Amino acid sequence: AQIEKAGYKHFMGKEIAEQPVVLADALRHYLPQTGLNMPEELDFSNIDRISLVACGTAFYACSVAKYWFESFARIPVEIDVASEFRYREPPLSERGMTIFVSQSGETADTLAALRYCHEKVAKTVAVVNVPTSSIAREVDIALPIMAGVEIGVASTKAFTAQLLVLAVMALKAGRDRDQLDGPDLACHCDTLRSLPGLMNTALALDAPIAELAEHLAEAQDILFLGRGPMYPLALEGALKLKEISYIHAEGYASGELKHGPIALIDRTVPVIVMAPFDRLFDKTVSNMQEVMARHGMVLLASDAKGLKAAQDGTWAQLQLPEIAEPFAPILYAVPAQLLAYHTAVAKGTDVDQPRNLAKSVTVE
Ligand code: G6P
């Protein structure tokens, strides 16, 4: 069937708005009321190591998932971009699991990385959107993200759906390895189930973000900062923005600010801080103050408690609903995407077909 924009100006805008429905569908499948629904063969009990391999936005989904697998299941996890993994020919463990994440399931480097792993690890697993794709066909276990066709070159709904499936996998890993007790597991499941509702609330930031984007569109450089699992989200926020608005953007771990990017800060540099009120919040506030002391324009995205605790001095604030710490990146992806989207619209770039980029990179 022909996919229409359904009243949206761009496919990307439509795909951002679809996320509550996409996640609700994936939740119905992977996290029904009866508990985790994952294939029996996806067993983490005897796995000694996980490698997560992907390109682009899918790689940032892997980077977030590393935090989850390590904290819920206490398994050592390495993450790699597929083009590095395949040529580095890393030593692999026979008891290892390699997980490939790909929207299209056709990215040449990711497919080559998968072929390198055949027979070398205990299990190969794919988290893919296209169930008939090469990667889905060649792995031992393919988990569809069920996001529907994604047309915008810059990935949005596939990213959050990848995160959701990886989150459920990490919970399963925690349970298989007796690292997560019943109440903790139930609490994490409830948080994931609350995501479609929370995302709807986040989508209401569309108009205020469009207004901020008018200013962001004038910037030459934009920094994104985050800590913990919000650090890879900062990387994804910067990628999204540069892909479609052509503004130079970088994501940094908040704690690394002092080790370089602080040299760039002046009144012309917007610094977007993604920081829910969690156990690392105070540390992030002190990084923000370092930026403000150098007249950087701080845009703080946080929840009511965080915005209150941060006090004044920011250039702008975005209030997100509260969400339990580990899964905040899934929710905060929405404002990150909207910031990129509206900045590109303000600049008048081709949002759905940015220059030089392809939806799926099937050649090297
Ligand atoms: C291209 C697309 C990105 C995507 C990446 C990986 O660069 O423009 O949006 O994240 O490829 O694609 P895949 O289909 O493997 O997720």
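Two strands count as paired if DSSP finds at least two bridges between them. Strands (E, at least two residues) and helices (H or I, at least four) are DSSP runs, numbered from the N terminus. The structure is a predicted model, in which local features need pLDDT of at least 70 and side-chain atom pairs count only at pLDDT 80 or more, while totals for chains, interfaces and linings use all residues. Residues are numbered from 1 along each chain as its sequence is written.

Strand β8 (residues 270–274) has two parallel partners. With strand β6 (residues 221–226), β8 forms three bridges in the parallel sense, and L225 stands opposite V273 of β8. With strand β9 (residues 297–302), β8 pairs over five bridges, again parallel; here M274 faces A301 of β9. Five of the five residues of β8 are buried, that is, 20 or more other C-beta atoms, placed from the backbone, lie within 10 Å of their own. The burial extends to both faces, with P270, I272 and M274 on one side and V271 and V273 on the other.

A helix pair can be followed next. Helix α10 (residues 206–216) and helix α14 (residues 328–347) have axes that come within 8 Å and cross at roughly 55°, the axes being lines fitted to C-alpha atoms over the stretch in contact, with angles from 0 to 180 degrees between N-to-C directions. α10 is therefore oblique to α14, a term for angles that are not under 35 degrees (roughly parallel), over 145 (roughly antiparallel) or 65 to 115 (roughly perpendicular). The contact involves D206, I209, A210, A213, E214 and L216 of α10, and P335, L338, L339, H342, T343 and A346 of α14, where contact requires C-beta atoms, placed from the backbone, within 7 Å.

Conventions. Two residues are in contact if their C-beta atoms, placed from the backbone, lie within 7 Å. A residue is buried if 20 or more other C-beta atoms lie within 10 Å of its own, exposed if 12 or fewer, and partly exposed in between; C-beta atoms are placed from the backbone.
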